[in-house]
Every structure is written in C-alpha cells, then in structure tokens.
Amino acid sequence: MKLREIAHSRTGDKGNTSNISVIAYDARHYPLLLAQVTRERVKAHFAGVVEGDVVRYELPNLAALNFVMTQALGGGVTRSLALDAHGKSLSSALLDLDIEPGSDDK
Amino acid sequence: MRVCGGRGNKRTDTLKVSVGYVDSYIGEGQISYAGPGALARGRLALEIVRERLKLTGVAASELRFELVGIDSLHGAQVSAGANEPYEVRVRVSGRTENWREAVRIGNEVETLYTNGPAAGGGAWKSARDVVAVASVLLPRELARPQIRFVGA
C-alpha cells in the first residue's frame, strides 16, 4: 500500500532546507513509519531533488516523523528557479512511498 | 507575586540585520503542446532551446528545462513513472547576471512558435530581478534609531 493510506504530511522551508512531516492518521501505524520510512529510503526517494543530508526526527507522542533535508530547494525560496520554490508539493511525492502493511492491515 | 533570582548578560555588540540585495536576474519562457505526440514535441522543444541558448552564448549560471505536467515539480528522476498526458507545457528558466541576458532566455522559448516542433501555443515570457535576503551582524553603533512622522 501507499504511505498516503496511513499518513498525511506537511512541509516547511527555511532557506535551502526543506522540512517534511509524516503523521500517522492512527497511532497504531507509527511502528510501520518507524520501520519503513527510514532516512535512507527518504534520501533515495528524493534523488535528484535533495542534494544534501536527510535527518529523521522521531515524535512518538504525535505518532509522527519529521525529516529535515538540506540543499533541497534549488537555492532557497527567494532565488530558486523552480515553479514550487517552497517545495510544498514534496509532501505528495513522499506519500507515494510503498509500505508493506502490518499483519492487522492486510 | 514575588520574583527572585533574576539575572542577565551584557547586551550584544552587534544587531542582526536582514539585508535585501539584487542577487541575480531570472529569465523564463513557456509554451504548450497538445494532442498525439505532445510529450515528444515538448521534449524536443526543450532540447532545441537548450542547444540554442548554448549556440547563441546566453550567459546563465543556472538553467532549468522542464515539462509542466511531467517533471516540473520533482525533477526527472522522481517523476519517471508519469503517464503520457494529453498536453504538456514547456518551461525554461535561468539565472543571469543582468536583465539583457534574462530576456534572451524567454525569447528562445517564444521563437519555438516558428522554429520549433509543430503546433506550439500560448508562449509566455518574463524577466525579473531577484531580491535575495542575507542575514548579517551589524556593529550596534552603526544603527541610529530615528522616528519620522508623516502627515496625510
């Protein structure tokens, strides 16, 4: 299944850094996020977009993850050549990630 | 209410200032293709503009070639699985040092009307300056606060 079936996402930006949250609709899916939405997978998923590091922050009380990605916005909002200079649409790209369902969700 | 243990540090010698400056210029052009083969004609159009910008020596420090509806938001790699659409919009943008060069980028897209793949429509172009913001620390004594009242 797709990540978007169990989580929603929002983005933020600061300079050339993009910030993407992944928030489980239901807290019981948080372990799936922890196990499968890894730093490495997110970095690979955004190949060609994110030139810098990806750091994952875990927020168990919110059943959410937060990814901070550097060199991700074509130089930053003020000078980017991109149509979506803020990277707001990146959240939808991340929600396209394939997730192996847990035993309860099959 | 009693408050105790209050303390502080010496004030800083500098103030944070966000400075706006003209960083560069951005030139841009767009044009649409529709119907059978729209995607192939869009890709061909991008290659023509890429080659023309090189041949005519347009001085750009950064260039973007994309198809709106295909790969403009997330780049070619992330968008690789996209299906063939009915229409595409070509978009070329580039960063230059001055206005004149920025205008030339949009011109090379507009010229696809008569020197590009069949049936390009709705060409559009722009050139603009980019005011970027840099944060710096300014020695405090250089900041002289003033208040000016302006009457209507």
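**Reading a two-chain predicted model**

Analyst: Let's start with one residue: A:Ala63 is partly exposed, having 19 other C-beta atoms within 10 Å. A residue needs 20 or more to count as buried, so A:Ala63 with its 19 stays in the partly exposed class. Keep in mind that this is a predicted model.

User: Okay, and where does A:Ala63 lie in chain A?

Analyst: You'll find A:Ala63 in the loop that links strand S3 (54-59) to S4 of chain A.

User: What is there to notice about the phi of A:Ala63?

Analyst: The general idea is that most residues other than glycine have a negative phi. Here, phi of A:Ala63 is near 55°, a positive value, and the residue is not a glycine. Chain B has a case too: B:Ala119 shows a positive phi of about 60°, again without being a glycine.

User: Let's zoom out. How many helices and strands does chain A have, and how do they run?

Analyst: Chain A has 3 helices and 4 strands. Starting at the N terminus, the order is β-β-α-α-β-β-α. The radius of gyration of chain A is 14 Å, close to the 13 Å from the globule rule for 106 residues, so chain A is as compact as a globular protein of that length. Its C-alpha trace spans about 45 × 25 × 20 Å along the principal axes.

User: How many of the residues in each chain count as buried?

Analyst: For chain A, 30% of the 106 residues count as buried. For chain B, the figure is 30% of 152 residues.

User: What about contacts between residues that are separated in sequence?

Analyst: Take the contacts between residues at least 6 apart in sequence. In chain A, 56% of these join residues at least 24 apart. In chain B, residues 24 or more positions apart account for 78%.

User: Now the cores. Which residues touch the most other members of the largest nonpolar core?

Analyst: That core has 24 residues, and A:Val22 and A:Leu33 touch the most other members. Strand S2 (17-24), helix H1 (30-36), strand S4 (64-69) and helix H3 (90-94) of chain A each give two or more residues to this core. S4(A) gives the most, with 4 residues. Another core, of 23 residues, lies apart from it, and includes B:Tyr25, B:Ile26, B:Ala38 and B:Val90.

User: Which residues does A:Val22 touch?

Analyst: Leaving out residues up to four places away in sequence, A:Val22 touches A:Ala7, A:Ser9, A:Leu33, A:Val37, A:Ala64, A:Leu65 and A:Leu94.

User: Could you do one residue of chain B as well? Where does B:Ile105 lie, and is it buried or exposed?

Analyst: B:Ile105 is part of helix H3 of chain B. The residue has 27 C-beta neighbours inside 10 Å and therefore counts as buried. Beyond the neighbours within four places in sequence, B:Ile105 is in contact with B:Gly27, B:Glu28, B:Gly29, B:Leu53, B:Val58, B:Ala60, B:Val92 and B:Gly94. For a sense of distance, B:Ile105 and B:Gln77 are 28 residues apart in sequence, and their C-alpha atoms are 25 Å apart in space.

User: How many residues does each chain bring to the contact between them?

Analyst: Chain A brings 11 residues and chain B brings 19. On the chain A side, they divide into 6 nonpolar, 3 polar and 2 charged.

User: Last one: where in chain B is the confidence lowest, and where is it highest?

Analyst: In chain B, the mean pLDDT is 93, with 99% of residues at 70 or more. Confidence is lowest in helix H2 (residues 75-78) of chain B, with a mean of 82, and highest in helix H3 (residues 99-110) of chain B, at 97. The model as a whole scores ipTM 0.73 and pTM 0.77.

Conventions. Residues numbered from 1 in each chain as written. Chains lettered and ligands numbered in written order. Predicted model: local features only at pLDDT ≥ 70, side-chain atom pairs only at ≥ 80, totals over all residues. Rg over C-alpha atoms; globule rule 2.2 N^0.38 Å. Buried ≥ 20, exposed ≤ 12 C-beta atoms within 10 Å, placed from the backbone. Contact = placed C-beta atoms within 7 Å. pLDDT = per-residue confidence, 0-100. Nonpolar A, V, L, I, M, F, W, Y, C, P; charged D, E, K, R; others polar. Core = buried A, V, L, I, M, F, W, Y, C linked by C-beta atoms within 7 Å.
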